[in-house]
Amino acid sequence: YKNNMIALGNGITTGYPISGIYEMGGTDNFYFNSVYIGGSDVVSANLANTYAFYSTVTVNTRNFLNNIFVNARSNASGTGKNYGIRVGGSSANPSGLTSNYNLINVTGVGGVFGYFNLLDVADLAAWRTATGQDANSLSADPLFADPTNATPNLHLTMGSPAEGVGLNIPSVTDDFDGHLRADFTPEDIGADAGNYDNISPT
């Protein structure tokens, strides 16, 4: 699953459970996806949790690389939580899991960085310790162009921290718009490859 742009939740104040990407099973690779979960003043009931990325798989081979997972959903009331990432497993380095070179950001009221082994995980450093993963991932605002528009725009803008910090994956040669990723090396994180440092490609 590659080069998808997914925006959900904007303008919805009901506390629905929302998952940008939900992996229930299988042997899967998720490469270069951009996910944004939005919405504000949410009346969030118990268990109305949201996730930018949610995987329940605990055994099969699965690779989560070069993705942007943003959860900016914000509660006005209630107990629901808004997570950036959740993966299956009960100890560091779960069997079959490779997760790295991702950008994970959580900004809203009720936001929690991640969920692992039945526990909330507060930030990227704690996530690395708990999961043994995401050594090269980062937590920052990716600078999406306009994620809250009626027609959301998850393209990156100048100065994005997703510029040039990803891992080259030879099987993914283009981006969301069909642009050749080789024209914008080193590799960008997310579905949109571009020149966001205003430097000519080499």
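## Tyrosine 54 and the strands around it

In this predicted model, tyrosine 54 has arginine 86 as its bridge partner, and that arginine lies in β10.

## The five-stranded sheet

Both of these strands are part of an open sheet of five strands, whose order is β2-β6-β10-β13-β14 and whose pairing is mixed. At its edges stand β2 (18-23) and β14, and because each has a single partner strand, one side of each is left without a neighbour in the sheet. From one strand to the next, the twist of this sheet averages 25°.

A helix also belongs to this picture: α1, made of residues 124-131, packs on the sheet and touches β10, β13 and β14. The direction of α1 makes an angle of about 5° with that of β13.

## The four-stranded sheet

An open sheet of four strands is also found, with the order β1-β4-β8-β12 and parallel pairing throughout the description of its strands. Its edge strands are β1 (5-8) and β12 (103-106), each of which pairs on one side only. Here the twist averages 5° from one strand to the next.

Within this sheet, β1 is joined by four bridges to strand β4, which covers residues 34-37, and the two run parallel. Along that pairing, alanine 7 stands opposite tyrosine 36, a residue of β4.

## Backbone exceptions

Leucine 47 is found in the loop that lies between β5 (42-44) and β6 (50-55), and with a relative accessible area of 64% it is exposed.

Leucine 118 likewise has a positive phi, near 70°, in a residue other than glycine. The loop that holds leucine 118 lies between β13 (111-116) and β14 (119-121), two strands that belong to the five-stranded sheet. Is leucine 118 buried or exposed? Its relative accessible area is 67%, and leucine 118 therefore counts as exposed, since the cut-off for that term is over 50%.

The peptide bond that leads from threonine 185 to proline 186 is cis, and its omega is near -5°. Proline 186 is found in the segment after β16, a strand that covers residues 153-156.

Technical notes
Residues are numbered from 1 along each chain as its sequence is written. This is a predicted model: local features need pLDDT of at least 70, side-chain atom pairs count only at pLDDT 80 or more; totals for chains, interfaces and linings use all residues. Side-chain values use heavy atoms; hydrogens and water are left out. Two strands pair if DSSP finds at least two bridges between them. Axes are lines fitted to C-alpha atoms, for helices over the stretch in contact, and angles run from 0 to 180 degrees between N-to-C directions. Buried means under 20% relative accessible area, exposed over 50%, partly exposed in between (1.4 Å probe, protein chains only). Contact means heavy atoms within 4.5 Å.
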